[in-house]
Amino acid sequence: MEKKPKGHVIVLTYPAQGHINPLLQFAKCLVSKGLKATFATTHYTAKFIRADGINVMPISDGYDNGGFKFAPSVEAYLDSFKTLGSRTLTELILNLNHESNSSSPPVNCIVYDSLLPWALDVAKNLGIYSVVLLTNSVSVCSLYWHINSGVLNLPFETEKFPLSLPGLPLLSHDEIPSFLACPTHHSAYLAAILEQFLRLGDNDWVFANSFEDLEIELVKAMEEAWPVQMVGPLLPSAYLDEEHQIGTDKDYGGNLRKPNDDKCLNWLEKQPQKSVIFVSFGSMAEIDEKQIEEVAWGLKMISSNQNFLWILKESEQKKLPIQFLDSIGEKGLILTWCNQLQVLANRAVSCFVTHCGWNSTLEALSLGVPMVAMPQWSDQPMNAKFMEDVWKVGVRVKKDENGIVRREEIGRCIREVMIGGKCEGIRSNASKWRENGKRAVCFGGSSYHNIDKFVAKLMK
Ligand code: UDP
């Protein structure tokens, strides 16, 4: 007989790929432990989400027919989402409660994305539990926390660098998140993040998509000061323990773009073991034409027994030089989207040239794939710093005096990871983090324990 869920959680996401994936995965994890989960996202994104056991319900951000790209600015978008989102999320919960029955109990908790701090007020007004899920590393989060607690002041003065903070390596100006390095450029995102951190302690739980071992220095340094608990890596179950088969779930379930799976997997199938350089700069970054050209020729120049798979949005593919496209032949495959986890887990993939978005970084760490970091904006420069200097699973590219990463530098970094002096160490560290990530989420692990305690409380 089917078990009746004992608690009902609304999981609310910001409508971007790097947010939908961890929040949806967390919702699936809660369902697997016996809770009911309703996934709330904007009208525009709701239609892309299909995940077993998850009820998907739309709310409004004011741009129901096309989403974020129709907003005049980030600030206007976040304001509109706050006003309409608060109202429609409240209505959704009241409706769900009105229709509640034994298989859909009344909503007793909101788990919300850290970019949507207004959800805390919705939970408080309804008298239910509020849980924020941080979608950056906790090391990055600690910087925002230090700003609100007065340890750091914006804008950062040049003489403050390198920054020396509890539990973090020394950080130079180009290693901190761009929201902090150039606060005026990203004022709307920064305001939402700082609002979140100002009220962090008002939540019943604060969770982060990371795991204790990965950021242990920070965990030790901040333990007493803040309420954050780790629940990651939030990855579909099939990737977390292939050996013990703790699950068969291979996809997050919410792709906003259609992956070209057949073409991608057929091509990978033909490549030798650990020979492919996989390149992707995520869902949001816009790369300048000159930079795309340098990456293209850098990939063309890699060793003759390596090929590349490059994920590039349509808008970015237009920037590729014609001579390059005419010359690649069998050397490379360029697609607009793929199932990144499936690619990273593929036996043919040996190295990931990445923008170091937090999800991509965690995915590569959890699947043991060495990286070449080419960070673009947001938290990526700091993730890249950790990837090279703390976790030691790859190298970061260096820009020239015009801010461009040249083709020779891209080639140099790929060689460094593949055959350079550090390559053995990098591979063995990558395997170590892969095991540590699995351990955190499997029975008895630190993230497993944090989630279990939370679920038990909600079921009471
Ligand atoms: N992703 C994917 N297919 C692609 C490129 C990216 O499935 O072709 C997924 C990737 O696995 C990750 C997310 O999209 O979970 C991107 O999040 P991330 O934080 O790495 O970067 P963002 O897109 O937010 O910059």
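**Close-up views of a predicted model**

**View 1. Helix α5 and the residue that follows.** Gly-150 follows α5 and has a positive phi, near 85 degrees. The model shown here and in the other views is predicted. α5 is mostly covered, with eight of its 11 residues buried. Those buried in α5 are Val-138, Ser-139, Val-140, Cys-141, Ser-142, Leu-143, Tyr-144 and Trp-145.

View 2. Ile-147 belongs to helix α5, which spans residues 138–148. Is Ile-147 buried or partly exposed? Ile-147 is partly exposed, because 19 other C-beta atoms lie within 10 Å, while a buried residue needs 20 or more. Leaving aside residues up to four places away in sequence, Ile-147 touches Leu-152, Leu-154 and Leu-194. Ile-322 is 175 residues apart from Ile-147 along the chain, and their C-alpha atoms are separated by 47 Å.

View 3. α15 covers residues 380–390. This helix is mostly covered: of its 11 residues, eight are buried. The buried residues are Gln-380, Pro-381, Met-382, Asn-383, Ala-384, Lys-385, Phe-386 and Met-387. They pack against α5, α6 (178–181), α14, β12 (371–373) and β13. Just after α15 comes Lys-392, with a positive phi of about 55 degrees.

**View 4. The contact of α3 with α7.** Helix α3 (residues 74–98) packs on helix α7 (residues 187–198) at an angle of about 35 degrees. The two axes are 8 Å apart. From α3, Val-74, Glu-75 and Leu-78 make the contact. From α7, Ala-188, Tyr-189 and Ala-192 take part. By class, the residues of this contact are five nonpolar, no polar and one charged.

**View 5. The open sheet of six strands.** The strand order is β10-β9-β8-β11-β12-β13, and the pairing is parallel. β10 (332–335) and β13 (394–396) are the edge strands, each pairing on one side only. On average, neighbouring strands of this sheet are turned by 15 degrees against each other, direction ignored. Within the sheet, β8 (residues 276–280) pairs with β9 (residues 307–311) in the parallel sense, over five bridges. Val-279 stands opposite Trp-310 of β9.

**View 6. The shell around the ligand.** The ligand is surrounded by 19 residues. The closest are Gly-18, Gly-282, Gln-340, Gly-357 and Ser-360. Which element gives the most to the shell? That is α14, with four residues. Sorted by class, the shell has seven nonpolar, 11 polar and one charged residues.

**View 7. Gln-340, one of the closest residues to the ligand.** Gln-340 is among the residues closest to the ligand and lies in helix α13. Why does Gln-340 count as buried? It has 25 other C-beta atoms within 10 Å, and 20 or more make a residue buried. Apart from residues up to four places away in sequence, Gln-340 touches Ser-280 and Glu-363. Gln-340 and Asp-261 are 79 residues apart in sequence, yet 9.9 Å apart in space, C-alpha to C-alpha.

Terms used. Residues numbered from 1 in each chain as written. Predicted model: local features only at pLDDT ≥ 70, side-chain atom pairs only at ≥ 80, totals over all residues. Near = placed C-beta within 6 Å. Helix = DSSP H or I, 4+ residues; strand = E, 2+ residues; numbered from the N terminus. Nonpolar A, V, L, I, M, F, W, Y, C, P; charged D, E, K, R; others polar. Buried ≥ 20, exposed ≤ 12 C-beta atoms within 10 Å, placed from the backbone. Contact = placed C-beta atoms within 7 Å. Pairing = 2+ DSSP bridges. Axes fitted to C-alpha atoms, helices over the stretch in contact; angles between N-to-C directions.
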